[in-house]
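Thanks for coming. I have one model to go through this morning, so please have a look at it first.

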Amino acid sequence: MNKDEWRRLIIVTLKEIGLHSTDAVELIMGTFAQESNFKYTRQIGGGPALGYGQMEPATFNDIVMNFLRFKPDLMGKIMKVSGVVTLEPDMLVENKTLMICMTRVHYLRVKASLPSYKDVWAMGEYWKQWYNTSAGKGTVKEFVENYTKYCR
């Protein structure tokens, strides 16, 4: 898929689950660009991360058990749009719609507002703080470079 096809899929998916905004679309685009260059669905080097968002199974399971379980309407919408009857981390390898949903919900749990899509550096800082974390190897500079390369 090219960037325009990805952007359309993200828009349609987020509208279906009621979580669409341009800021969310572009943050997911940037996250996928940074985490996997829209290319790798399994972590290079044999790590646990899965999907274009490189979400670890522990994070996936935490979202399901400690967030979505208490939001059954949202969980139902995610399962419906993703075409699944259960939510399992391994599904992130092949199911692009589920990748989008789980990345969006990961950011939904953050109390801080999403950054403006017009400020790529701010998106990178948000990604670094709330998705990659201070312990992660990625940098804001890399995020900006990958967003520019893969999303513009």
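Predicted model: local features only at pLDDT ≥ 70, side-chain atom pairs only at ≥ 80, totals over all residues.

Residues are numbered from 1 along each chain as its sequence is written, and side-chain values use heavy atoms, with hydrogens and water left out.

Two packed helices are described by the angle between their axes and the distance between the axes. Helices here are DSSP runs (H or I, at least four residues), numbered from the N terminus. Axes are lines fitted to C-alpha atoms over the stretch in contact, and angles run from 0 to 180 degrees between N-to-C directions.

Take α2, residues 22–36, against α5: the axes are 10 Å apart and the angle is about 110 degrees. That makes α2 roughly perpendicular to α5, a term for angles of 65 to 115 degrees. In contact (heavy atoms within 4.5 Å), α2 uses residues including Leu 27 and Phe 32, and α5 residues including Ile 100 and Arg 104.

Next, α3, residues 57–66, and α5, residues 96–108, cross at roughly 70 degrees, with axes coming within 11 Å. So α3 is also roughly perpendicular to α5. Among the residues that meet are Phe 60 and Ile 63 from α3 and Leu 98 and Met 102 from α5.

Is Arg 7 buried or exposed? Arg 7, in helix α1, counts as buried because its relative accessibility is 18%; the cut-off is under 20% relative accessible area, with a 1.4 Å probe and protein chains only. Not counting residues up to four places away in sequence, Arg 7 touches Val 25, Glu 26, Met 29, Tyr 147 and Cys 151.

Note on methods
Helix = DSSP H or I, 4+ residues; strand = E, 2+ residues; numbered from the N terminus. Buried < 20%, exposed > 50% of the residue type's maximum accessible area, 1.4 Å probe, protein only. Parallel < 35°, antiparallel > 145°, perpendicular 65-115°, else oblique.
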